[in-house]
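Here is a structure to look over. Take a moment with it before the questions start.

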Amino acid sequence: MRSLLLQVMAVTSINLKSIAQRRWLSLSTVIAIALVVIVLLAFLAMANGFQRTIAGSGADDIAIVLRAGSQAEINSTVARDQVRLIEDGPGIARGADGKPLISPELYLVVDGLKRSTKTKANLPLRGIGEQGAALRKGIAITAGRMFNRGSNEVVVGKALLREFEGFDLGSTVSFGATRWTVVGVFDAGGSVFESEIWADLNVVQSLFNRNNFVQTVRARLTGPAALNELKSYSDNDPRLKLDVKSEAAYFAEQASQTSDLIQKLGWPLAIAMALGALAGALNTMYSSVAARATEIATLRAIGFGGFPAFVGTLVESLSLAAIGGLLGAAATYLIFDGVTASTLGGNFTQVVFDFKLSPWLIGEGVVLALIVGLIGGLFPALRAARMPIVAGLSPT
Amino acid sequence: MNDFDLVRKNLFRRKLRAALMIVSILIAFMIFGVLAGFYRAFTAGEDRAAADRLITVNKINFTQPMPIAYFNRVRAVDGVRQVTHANWFGGYYQDPKNFLMTLAIEPATYFDMYRSELDIPPEQLQAFISDRSSAVIGESMARKWGWKVGDRVPVASNIFTQRSNGSHTWDFTIAGIVKGKAEQVSTDFLLFQYAYFDETRSFGKDTIGWLILQTNSPENNDRVAKTIDAMFANSTAETSTDTEKAFGKAFAAQFGNIALIVFLVVGAAFVTILMIVGNTMALSIRERTREIGVLKTLGFSGPRILRMVLGESVLLALLGGLPGLAIAALITIALRASLANIAPAFAVSPVIALEGIALMIALGLFTGVIPALNAMRLKIATALGRG
């Protein structure tokens with residue numbers, strides 16, 4: 001047993017040391033595997049970053065009320081008298097003054113200019129009620145101040161400011177014939193709200209001719225469990241019949257569509273490329289076995305078994321794959337991690353998000369690389385183990 | 001035995017190695033075919049956009065409404081041949097997940113505007129116009145849901161509500177099926193009459209989503225667009241008028257830089273095979289050094305050897321690339337129905353196929369050139385002397 005282990009170690013070290021002799025072929029395998037891992041991880045980091053931005057936006061103890069079947073805030077309408085009924089609904093927390101903690105909101109799409117491409121993009125302008133900012137966790141004004149109620153002032157999320165032109169603090173923006181002053185910039189803890197423009201609900205309602213209705217109502221619940229009370233209250237009142245969801249569930253739905261799509265693109269592409277890289281790995285390892293035919297036969301002739309030859313070849317292949325996988329992960333981290341991108345989200349507006357790698361994703365990338373290495377090494381390793389001694393020693 | 005036989009025999013002397021290289025080339029061209037096909041279909045809207053068609057939307061954003069009065073005012077602008085309007089309905093069938101691309105339109109002008117794209121039998125168009133609560137559907141939607149002329153279809157809206165009963169659902173009788181006049185025209189839509197829509201909805205009365213207009217000649221586009229936008233300046237609904245092409249392009253750009261992503265992935269796939277195949281070719285020529293020496297001794301000239309080696313690498317690229325493109329074509333056919341919405345006529349077009357073949361030849365020449373030059377310059381004495 002011990003001698004077998006020693007044989008395996010000896011042959012493996014010969015294998016690894018001989019890589020240098022096939023450096024170009026080995027290097028091409030390493031780079032091919034690294035590229036596969038980069039493509040996979042870039043897509044997964046994109047999906048992950050998008051998912052985190054949106055899914056991280058919702059809270060369990062905030063209820064969002066939408067028109068039945070509307071799916072997204074942009075489609076929804078809630079009439080003024082419905083808002084009053086919701087205010088009186090059960091399960092809604094009240095402030096020190098006894099008023100319900102709710103925020104009726106309007107969600108409009110306005111045009112902005114994307115900095116990178118100078119093309120028009122859909123940006124959300126949200127008219128929020130008095131409690132609007134308080135109903136979201138971690139809202140902090142980082143520059144300027146909050147808008148004054150009743151005036152044509154807006155505050156903008158810092159992600160929106162970074163990606164789109166013309167929203168610098170103090171500047172005037174026009175949406176159609178209406179003019180607004182940017183008086184503040186806010187941080188929302190990396191959530192989707194950072195891609196939004198906020199203004200006072202009443203001002204938005206009157207300037208956009210939407211006086212009789214809002215689009216959604218957000219309410220702070222007395223606890224996550226109170227959601228069902230509010231839900232059955234809405235279901236049982238024929239004047240309401242609205243969709244009541246927790247904000248967390250709402251954003252989870254919003255996130256899943258786009259990030260699923262990105263992942264569905266990423267995996268098939270990476271697998272197809274992995275098959276190409278597999279062909280390369282097989283080629284390299286068969287060449288390795290062929291180049292060492294004499295050496296393997298010599299070892300066999302002096303009493304080494306077939307198994308060490310098998311392990312040595314497999315380890316060589318797995319090492320190349322592991323190097324490729326780690327190289328790919330490192331390159332993805334350096335090139336893509338933290339890169340900001342924006343795309344159309346479920347509300348038909350731009351969502352700014354960062355590519356985000358996670359240890360779990362890197363693990364997926366390295367595993368894919370090792371699978372390529374394993375299959376790419378297995379068949380050549382079997383050939384090495386079974387090679388007849390005579391064939392290896394006869395002059396070529 | 002001619003040179004081609006020699007090239008073929010050389011290529012397949014190690015069958016496994018040749019097969020592996022062919023597989024990796026095949027995969028790269030499969031990725032190329034599918035992604036290029038997707039990109040072309042995704043941007044097909046821009047290419048098909050008529051040069052003389054303009055879109056007028058609310059300046060705030062194209063999702064904001066405009067007064068219906070704009071329809072007649074734009075119609076009166078000098079240089080405008082035809083105007084029509086459309087309104088987004090947010091339609092779905094039974095479950096909100098079953099999205100139906102549904103627009104409320106003005107039938108007579110709409111079908112005149114799209115006469116070079118959409119084809120509807122005149123009697124069906126007549127039936128559509130005369131029955132206010134009817135709708136027409138595109139061929140691909142009809143196929144998808146198995147709907148026929150005369151069927152009654154309930155279409156729900158995720159935005160609008162009926163004024164009379166508070167319902168979110170409108171029932172339509174299918175009056176006709178619209179065919180596309182070209183493959184790239186998406187026919188996954190349902191159209192119904194604006195007049196009926198405006199009368200039955202609970203809010204938004206007398207507003208429209210956007211105007212589509214056709215100018216007398218593309219040269220008038222700029223002037224017409226400026227006139228229209230100036231006409232509504234400083235009103236409560238200012239407008240922004242642009243060519244259909246620019247509008248489509250800006251909309252596609254909102255999803256992100258699709259072109260860059262496609263380019264990077266295809267690029268990565270090609271760099272991979274370039275290295276693998278290039279290295280392997282070099283290796284296989286090196287193994288044959290002695291034989292090349294023999295060929296030279298027999299009187300094969302340097303350039304002839306060069307041609308043979310290049311021929312081998314080009315043959316290899318074609319043997320992998322052509323089936324790769326064929327598989328890509330099959331994949332696009334299989335996925336076409338499910339991508340009908342975002343990329344109609346998803347296919348490996350003749351142009352993509354030709355580009356692919358040009359790439360194969362380039363790849364073959366590129367991977368073969370260094371080994372081929374080395375083989376050409378090889379001195380007989382060195383070649384025969386080498387182990």
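Predicted model: local features only at pLDDT ≥ 70, side-chain atom pairs only at ≥ 80, totals over all residues.

Me: In chain B, which element has the highest confidence?
Reply: pLDDT is the predictor's confidence in each residue, from 0 to 100. Chain B averages 90, and 98% of its residues score at least 70. Confidence in chain B is lowest in helix 3 (residues 44-48), at a mean of 68. Helices (H or I, at least four residues) and strands (E, at least two) are DSSP runs, numbered from the N terminus, and the highest value, 97, belongs to strand 11 (residues 190-193) of chain B.

Me: Which helix gives the most to the side of chain B that touches chain A?
Reply: Contact here means C-beta atoms, placed from the backbone, within 7 Å. The contact takes 41 residues from chain A and 43 residues from chain B. Helix 2 (15-42), helix 10 (244-253) and helix 11 (258-287) of chain B each give two or more residues to that side of chain B. With eleven residues, the most comes from helix 11 of chain B.

Me: How many residues of domain 2 of chain A are in contact with domain 1 of chain A?
Reply: Chain A is divided into domain 1 (2-55 + 254-393) and domain 2 (68-241), with bounds from an automatic or database domain assignment. Their C-alpha centres lie 47 Å apart. Domain 1 of chain A gives twelve residues to the contact, and from domain 2 of chain A come 18 residues.

Me: In strand 10 of chain B, which residue is the bridge partner of B:S134?
Reply: Two strands pair if DSSP finds at least two bridges between them. Strand 9 (residues 152-157) of chain B runs antiparallel to strand 10 of chain B, joined by five bridges, and B:R152 stands opposite B:T173. Strand 8 (residues 134-138) of chain B pairs with strand 10 of chain B in the parallel sense, over five bridges. There, the partner of B:S134 is B:T173.

Me: Is A:Q71 buried or exposed?
Reply: A:Q71 lies in the loop between strand 1 (62-66) and strand 2 (78-79) of chain A. Its phi is positive, about 65°, although it is not a glycine. A residue is buried if 20 or more other C-beta atoms, placed from the backbone, lie within 10 Å of its own, exposed if 12 or fewer, and partly exposed in between. A:Q71 has 23 such atoms within 10 Å, so it is buried.

Technical notes. Residues numbered from 1 in each chain as written. Chains lettered and ligands numbered in written order. Contact = placed C-beta atoms within 7 Å.
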